[in-house]
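Please read the notes below against the model.

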Amino acid sequence: MEDGKGAWLVVGLGNPGIEYAQTRHNCGYMVTDRFVESVGGKYRNQSLGRGGAMAKVADIRLGYGIDAPQVIVAHTGTYMNTSGPVVGQLLKFYQIDTAHLVVVHDDIDLNFRCAKLKVGGSNGGHNGLKSIQQTLGTKDFARLRIGVGRPPSRELGGDVVNWVLGRFPKSEKANLEEFFDRAVQCINDVAESGLAKAQARLHLGNP
């Protein structure tokens, strides 16, 4: 499938439940929710066929007419480490190739406010990515990496799990809106212009 042509599937990774809401690990949910809200879209519960999972989905058209870019935004509804099977079902249900899959997730290897778009590579220890790679049998899909940084050694004893399951402090919340807006713009750019142009614009805006 040619980059920039056809529908895109954008999956935000996160954990369901109020106890995980607004945590660093749920950046995938937060960014995709902001994208859906920005275009006036709404989620619905979508059954993925007989015996399939139920996913939270928003079917977005960026503009009007049959040529308007289409973005299927989805949350798997499962916990992070079992994201893969539902992503596989989403691709099959909507007949979208992995070349048009974008997974939005938190990344401790990027500093806060830094976002990067890449295709392929390792899962970096991220259980959501690991599950998706195992299910799809490939690493060759796009990831929109939302930097949350690593815990300072003096905080939480350097505990990464407690860090990603923690919420953003007031000092960072002031910058979240601008940060997530750049990620939202990247999703728009992917659908309208393809991965390469979206990547160039996103990386140019990093601090």
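1. The largest nonpolar core holds 37 residues, and those with the most contacts inside it are Phe35, Val71, Leu117, Leu144, Ile146, Phe180 and Val190. Helix α5 gives the largest share of this core, nine residues. A nonpolar core here is a set of buried Ala, Val, Leu, Ile, Met, Phe, Trp, Tyr and Cys residues joined through side-chain atoms within 4.5 Å. Another core, of 22 residues, lies apart from it and includes Ala7, Val11, Met80 and Leu91.

2. This is a predicted model, in which local features need pLDDT of at least 70, side-chain atom pairs count only at pLDDT 80 or more, and totals for chains, interfaces and linings use all residues. Residues are numbered from 1 along each chain as its sequence is written, and side-chain values use heavy atoms, with hydrogens and water left out.

3. Valine 71 is in contact (heavy atoms within 4.5 Å) with Trp8, Val10, Phe35, Ala58, Asp59, Ile60, Leu62, Ile187 and Ala191, leaving aside neighbours within four places in sequence.

4. Helix α5 (residues 170-193) packs with helix α6 (residues 195-204) at an angle of about 155°, their axes being 7 Å apart. Helices are DSSP runs of H or I with at least four residues, strands are runs of E with at least two, and both are numbered from the N terminus. Axes are lines fitted to C-alpha atoms, for helices over the stretch in contact, and angles run from 0 to 180 degrees between N-to-C directions. The two helices α5 and α6 are therefore roughly antiparallel (an angle over 145 degrees).

5. On the α5 side of this pair, Arg182, Gln185, Cys186, Asp189, Val190 and Ser193 meet Leu195, Lys197, Ala198, Arg201 and Leu202 of α6. The residues of this contact divide into five nonpolar, two polar and four charged. Ala, Val, Leu, Ile, Met, Phe, Trp, Tyr, Cys and Pro count as nonpolar, Asp, Glu, Lys and Arg as charged, and the others, Gly among them, as polar.

6. Buried means under 20% relative accessible area, exposed over 50%, and partly exposed in between, with a 1.4 Å probe and protein chains only.

7. Glycine 147 belongs to strand β7 (residues 142-147) and is buried, at a relative accessible area of 0%. Not counting residues up to four places away in sequence, glycine 147 touches Asp107, Leu110, Asn111, Phe112, Arg113, Cys114 and Phe179.

Terms used. Parallel < 35°, antiparallel > 145°, perpendicular 65-115°, else oblique.
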